[in-house]
Each structure stands twice: as C-alpha cells, then as structure tokens.
Amino acid sequence: MFYIAPSLLAADFSDLKGEIKRMEDAGANYLHLDVMDGHFVPNISFGAGLIASIRKHTQLIFDVHLMISDPLKYVDSFIKAGADIITFHYEAVERPMDVLKAIKAKHIPCGIVISPKTPAEVLFPFIGVADMILVMTVEPGFGGQSFMPECLDKVRILRREALARGVNLNIEVDGGINAENAVHCTEAGANILVAGSSLFKSKKPKTIMAQMRTAAKEHPFVG
Ligand code: DX5
Ligand code: ZN
C-alpha cells in the first residue's frame, strides 16, 4: 500500500485545525508529526500537548516522528496523546532493538529512523521486527531543506533485503519530497512519502498528492 503523510511542521500554526482539514480533504493518509527536543536535533518543535489537542479534529493516522534523545522516557505521553505509529532515531539510543521492543510491548506500531549519515545495513536486524523503517532524505531538525537523492540508495538496499527475506516492509522517506522527486522515491522502494513544505505551502495539495500517487502506480520499485 502507498501512503502520503503531510508533515505538520510546515503548516500555518495559527490555524492548525484548518490546515489539517485541508490535508484531509486533499486525500492524505497520515499526519506526520515531528517532535524535536533541541538536544538530539538543534531545534524545538512541539510535544504531546499539541498532539492531544489536535487529536479530536481529525481521523488521520498520527505518525509521530520522535527526534528526541530519550524516546522511551516519553513514549507513554505520546501514546496517551493519540499517536498511532511512533518512530525513533537509531542514532538517539544505545540499544535500539531494546527500545523498539519496549515500545512495541505497549501495543503501538513502532518504527526506526536513520539520518543521512547512517548506513542502511544497521537496520537489517530490524527487518521483520520494526513496523516501519524511515529513511531521512535531509538532516533531521528543520523543514524546507533540499532533498538528498543519495539517500535513496539506502531505500533500495533495504527494499531489496526485505524482498529477499519475504518481508512486506513499510519504508517511509522524509525530507524535501515533492511532486517531482516522488517518482525517484517510489522507484527506490519507498511506500510512504512524508511531505511538509511541498504540500502545506501549496494552494493545490490535492494535485500534488495525485502526482505522488501516479508516481507510485507507474514507477514502482525497479530493483
Ligand atoms: C525534518 C522533519 C521532516 C520535515 C519535512 O527533520 O523530519 O518531517 O518536516 O518537511 P519538508 O517536506 O519541508 O522537508
Ligand atoms: Zn519527520
């Protein structure tokens, strides 16, 4: 399945309810929520309080991307706030497999994220264990950065490995994604596209989402 996840970080924060509805009406599947702590990444965004307050306004799946140093410490508050999927960074913790299992034990789907400098192979042990793998296509911390096409090699490596093992892996990509480069993402094997600026800063997010869906249909994984 193919999913589109608008990243709320690029929304007009003075009208979050309206902005979320705009994405829902345009055909989004997930709402990607970037939590930044000013420690793991050099920026601060929002936390569980904001997520709880928007939860009542939408049915979208809340895809919570934790860019924080101690994800396990805060995970209960994000679950309580209404997270549907939680992802945390491989680089943020000492024992990522233990953290993944501890979060999954709370009966919430959990994924693991790698930043641009982290090689794909570190995630091989997580194929078949994690509910999702997120490959960053920008350095985490800020919206509106330029897409790094070289990161797609890692998506290809992970998709190939998952296929070889017969695992139907969800691979998400995040950072600088737009209607033009979506095709490269889907060809590399990604099936979930996060897009912040390209969707929220557009007056026609529905058209962009349609182009992304066409990319997924006409340009699937090429091996
Ligand atoms: C970056 C975040 C991304 C970002 C995407 O640290 O994880 O989700 O908000 O925004 P764009 O699409 O503008 O790069
Ligand atoms: Zn993100």
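**Exercise 1.** Find which residue lies over the face of Phe 62.

Solution. In this predicted model, local features need pLDDT of at least 70, side-chain atom pairs count only at pLDDT 80 or more, and totals for chains, interfaces and linings use all residues. Residues are numbered from 1 along each chain as its sequence is written, chains are lettered from A and ligands numbered from 1 in the order in which they are written, and side-chain values use heavy atoms, with hydrogens and water left out. A charge sits over a ring if NZ of Lys or CZ of Arg is within 6 Å of the ring centre and within 35 degrees of the ring normal. Arg 55 lies over Phe 62, at 3.6 Å from the ring centre.

**Exercise 2.** State how Tyr 3 and Tyr 30 are paired, and which strands hold them.

Solution. Rings of Phe, Tyr and Trp (its six-membered ring) pair if their centres lie within 6.5 Å; planes under 30 degrees apart count as stacked, over 60 as edge-to-face and the rest as tilted. Tyr 3 and Tyr 30 are 5.0 Å apart centre to centre with 15° between the planes, a stacked pair. Strands are DSSP runs (E, at least two residues), numbered from the N terminus. Tyr 3 belongs to strand 1 (residues 3–6) and Tyr 30 to strand 2 (residues 30–36), so the pair ties together parts 27 residues apart in sequence.

**Exercise 3.** Decide whether Tyr 30, Phe 13 and Phe 46 are buried or partly exposed.

Solution. Buried means under 20% relative accessible area, exposed over 50%, partly exposed in between (1.4 Å probe, protein chains only). Tyr 30, at 6%, is buried. Phe 13, at 39%, is partly exposed. Phe 46, at 9%, is buried.

How values were computed:
Helix = DSSP H or I, 4+ residues; strand = E, 2+ residues; numbered from the N terminus.
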